[in-house]
Amino acid sequence: MAKIVSISTQENQLIEQAKVQNRLAQKQLFEKYSPKMLSTCRYYIHDVHFAEDVMLKGFFKAFNKIDSFDGKSSFYTWLKSIMSHECIDFLRSKTHKLQFAEWNETHDALSDDFQQDMEVREIQEMIDALPDGCRIVFNLYVLEGLKHSEIAQELQISTGTSKSQLAYARKCLQERLNQQKHYHV
């Protein structure tokens, strides 16, 4: 039996209206979700202008495919998935092939205090500074909750590459965190 997520009546009505191309309903859904979706896009794309473009393309795709939304997940989750895929497609088209850093040590881990005492802006800057390949793997693993096998399939890389890229991202973030701690002492 499929699990169905409860959606508020008002949101459900907006979604149903958006399915019949009601522009006001689409506008209300856009206004409700665009800040969170832009944030999602920014985790993948450095430049805010490109992130905005990708977000708009993602909303366009979502509204064109809204009939496929079946309520088995929340609308937010469904929309965020579309945005993540649009970001990856953008990055693929931009570089033709994502570049992955050489990294073989997989035992380094980011300390548990990574998010303590850090502002969102600082965290975003640290993530933005990562090379494209490991930043995307980090986002898919940490923010999207995908498994390495799913990341490997999505990015057309090996599971080992996914694991090593995550380890490299964690190491880079840990180094930046240590630098900031040292700087603030």
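**Entry 1: His148**

I looked up the contacts of His148, counting heavy atoms within 4.5 Å as contact. Leaving aside neighbours within four places in sequence, I found His148 in contact with Tyr141, Thr159, Ser162, Lys163 and Leu166. His148 lies in helix H7 (residues 148–155); helices are DSSP runs (H or I, at least four residues), numbered from the N terminus. I noted that His148 counts as buried because its relative accessibility is 14%; buried means under 20% relative accessible area with a 1.4 Å probe, protein chains only.

**Entry 2: Basis of the values**

The model is predicted, so I note that local features need pLDDT of at least 70 and side-chain atom pairs pLDDT 80 or more, while totals for chains, interfaces and linings use all residues. Residues are numbered from 1 along each chain as its sequence is written, and side-chain values use heavy atoms, with hydrogens and water left out.

**Entry 3: Helix H3**

I checked the span of H3 (residues 48–64): its 17 residues, at 1.5 Å a residue, should span 24 Å, and the end C-alpha atoms are 24 Å apart, which agrees. The expected span is 1.5 Å times one less than the number of residues. Asp47 caps the N-terminal end of H3, with a side-chain oxygen 2.7 Å from the backbone nitrogen of His49. Among the buried residues of H3 I listed Ala51, Val54, Met55 and Phe59.

**Entry 4: H2 against H3**

I found that the axes of H2 (residues 23–44) and H3 come within 9 Å and cross at roughly 135°; axes are lines fitted to C-alpha atoms over the stretch in contact, with angles from 0 to 180 degrees between N-to-C directions. Residues making this contact include Leu29, Tyr33 and Met37 of H2 and Ala51, Met55 and Phe59 of H3.

Definitions and conventions. Helix = DSSP H or I, 4+ residues; strand = E, 2+ residues; numbered from the N terminus. Buried < 20%, exposed > 50% of the residue type's maximum accessible area, 1.4 Å probe, protein only. Polar contact = N/O pair within 3.5 Å; in protein donor to acceptor, adjacent residues only side chain to side chain.
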